[in-house]
Amino acid sequence: MLEKISAYKKEKNVAPFRKKLSLTERYYTNQQLIDNPPNFDVLITGSDQVWNPYFIQHGEGANKVTPVYFLNFGKEGCKKVALSVSFGCSDYPDTASEIAKPFIEEFDAISVREKTGLKILEKMGIEGAVITADPTSLLKKDD
């Protein structure tokens, strides 16, 4: 019961903010995004643990690969940016690396939150990423 009250309070606080946004249609599966991608010039993924090895290996059901956080969708010519992504671990499993690497190679720009993220990318043979701060740490208390 307390969980429902907490969720209601959160939603009540977020609802006015959402009304100010221009939202896309709602997608429920990765396949829906692939079949009917939004018409954007740039897609951005990030930040906290979006490249966690569990998500890529088990996202939409038991042992089903789900690369949605690796932006495996988008219109032709759409740029892909990773903003302060985190792998959520310091040692990325080889099985996850094999799945993730082809998707990561498609990115036009990559920034990670931690040095361990750079090491994971380097181990995959991906260079050029930079370290950036967690975007939430850039906010002031009043924000």
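Colleague: Where does L71 lie?

Modeller: L71 sits in the loop that runs between α3 and β2. This is a predicted model, and the values below are computed from it.

Colleague: Is L71 buried or exposed?

Modeller: A residue is called buried when its relative accessible area is under 20%. L71 has a relative accessible area of 5%, so it is buried.

Colleague: Which residue in strand β2 can be read in the same way?

Modeller: Take S84, which belongs to strand β2. S84 has a positive phi near 50° and is likewise a residue other than glycine. The relative accessibility of S84 is 1%, so S84 counts as buried.

Colleague: How many helices and strands does the protein chain have?

Modeller: There are five helices and four strands in the protein chain. The C-alpha trace spans about 45 × 35 × 35 Å along its principal axes. Of the 143 residues in the protein chain, 30% are buried.

Colleague: In which order do the four strands stand in the sheet?

Modeller: The general idea is that strands of a sheet pair through backbone hydrogen bonds, and the pairing is either parallel or antiparallel. Here the four strands make an open sheet in the order β1-β2-β3-β4, and the pairing is parallel. Strands β1 (42–45) and β4 (130–131) are the edges, each pairing on one side only.

Colleague: How many bridges join β1 to β2?

Modeller: Four bridges join β1 to β2, the strand of residues 79–85, and the two run parallel. To find this pairing in the structure, look for V42, whose bridge partner in β2 is K79. Further along, T45 stands opposite A82 of β2.

Colleague: What is the bridge partner of A82 in β3?

Modeller: It is I110. Between β2 and β3 there are three bridges, and these strands run parallel.

Colleague: And over how many bridges do β3 and β4 pair?

Modeller: Strand β3, residues 109–112, pairs with β4 over two bridges in the parallel sense. At this pairing, S111 is opposite V130 of β4.

Colleague: Which residues of β1 are on its covered face, and which on the uncovered one?

Modeller: On β1, L43 and T45 form the covered face, while V42 and I44 form the uncovered face.

Colleague: Now the helices. At what angle do α4 and α5 pack?

Modeller: Helix α4 covers residues 94–104, and it packs with α5 at about 85°, the axes being 10 Å apart. Angles of 65 to 115 degrees count as roughly perpendicular. That is why α4 is described as roughly perpendicular to α5.

Colleague: Which residues of α4 and α5 meet?

Modeller: From α4 come D94, S97, K101 and I104, and they meet L121, K123 and M124 of α5. Sorted by class, this contact of α4 with α5 holds three nonpolar, one polar and three charged residues.

Colleague: What does S97 touch, apart from residues up to four places away in sequence?

Modeller: With those left out, S97 touches Y92 and M124. S97 itself is part of helix α4. With 14% relative accessibility, S97 counts as buried.

Colleague: Is K119 buried or exposed?

Modeller: The cut-off for exposed is over 50% relative accessible area. K119 has 57%, so K119 is exposed. Look for K119 in helix α5.

Colleague: How far apart are K119 and Y92, in sequence and in space?

Modeller: The separation of K119 and Y92 is 27 residues in sequence and 9.6 Å in space, from C-alpha to C-alpha. For the protein chain as a whole, take the contacts between residues at least 6 apart in sequence: 69% of them join residues at least 24 apart.

Colleague: One last case. What does the side chain of Q57 reach?

Modeller: The side chain of Q57 reaches the backbone oxygen of P53 at 3.0 Å. Q57 is in helix α3, residues 53–58. The relative accessible area of Q57 is 18%, so Q57 is buried.

Note on methods: Residues are numbered from 1 along each chain as its sequence is written. This is a predicted model: local features need pLDDT of at least 70, side-chain atom pairs count only at pLDDT 80 or more; totals for chains, interfaces and linings use all residues. Side-chain values use heavy atoms; hydrogens and water are left out. Two strands pair if DSSP finds at least two bridges between them. Buried means under 20% relative accessible area, exposed over 50%, partly exposed in between (1.4 Å probe, protein chains only). A polar contact is a pair of N or O atoms within 3.5 Å; within protein, one must be able to donate a hydrogen and the other to accept it, and residues adjacent in sequence count only if both atoms are side-chain atoms. Axes are lines fitted to C-alpha atoms, for helices over the stretch in contact, and angles run from 0 to 180 degrees between N-to-C directions. Angles under 35 degrees count as roughly parallel, over 145 as roughly antiparallel, 65 to 115 as roughly perpendicular and the rest as oblique. Contact means heavy atoms within 4.5 Å. Ala, Val, Leu, Ile, Met, Phe, Trp, Tyr, Cys and Pro count as nonpolar, Asp, Glu, Lys and Arg as charged, and the others, Gly among them, as polar.
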